[in-house]
Amino acid sequence: QVQLVESGGGSVQAGGSLRLSCAASGKIYRINDMGWYRQAPGKQRELVTTITKDSDTNYADSVKGRFTISRDNAKNTVYLQMNSLKPEDTGVYYCHAIISQGPSLWSSAYWGQGTQVTVSS
């Protein structure tokens, strides 16, 4: 069984910063891509950013230059540093990871439980 546990959400004023963390635990052989998605009230879940196991990154246009994703492979953890936050960044942020549980097993997608980020104007 694999679990992704997020932490670091909260409420900030516009222009502020937050740092999210997501730690994967359980039976893990290899973690491939990791990333963050978010869902605002009444909207569909959207991609925020991803990072490969070699730390190649990809960002949604709306967060480029403000958000930074990183990972610590030794700790099976991915981070999201969010700066210059805007009210439109408000939503539930979900961690996502593609994980293989064995050398000959297919990789599967896993989701965290979500952490709330609220940015007030």
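**Exercise 1. Describe the hairpin formed by β7 and β8, and state which turn residue has a positive phi.**

Step 1. In this predicted model, where local features need pLDDT of at least 70, side-chain atom pairs count only at pLDDT 80 or more, and totals for chains, interfaces and linings use all residues, four residues lie between β7 and β8. Residues are numbered from 1 along each chain as its sequence is written, and side-chain values use heavy atoms, with hydrogens and water left out.

Step 2. The turn residue in question is N76, with a phi of about 55°.

Step 3. Strands here are DSSP runs of E with at least two residues, and helices are runs of H or I with at least four, numbered from the N terminus. β7 covers residues 67-72 and is antiparallel to β8, joined by six bridges. Strands count as paired if DSSP finds at least two bridges between them.

Step 4. One of the bridges links D72 with T77 of β8.

**Exercise 2. Which other strand pairs with β8, and in what sense?**

Step 1. β3 (residues 18-26) pairs with β8 over six bridges, in the antiparallel sense.

Step 2. A23 has T77 of β8 as its bridge partner. T77 is also the β8 bridge partner of D72.

**Exercise 3. Summarise the whole chain: how many helices and strands does the protein have, and why does it count as compact?**

Step 1. The protein has zero helices and 11 strands.

Step 2. Its radius of gyration is 14 Å, close to the 14 Å from the globule rule for 121 residues, so the protein is as compact as a globular protein of that length. The radius is taken over C-alpha atoms, and the rule is 2.2 Å times the number of residues to the power 0.38.

Step 3. Of the 121 residues, 40% count as buried.

Key:
Buried < 20%, exposed > 50% of the residue type's maximum accessible area, 1.4 Å probe, protein only.
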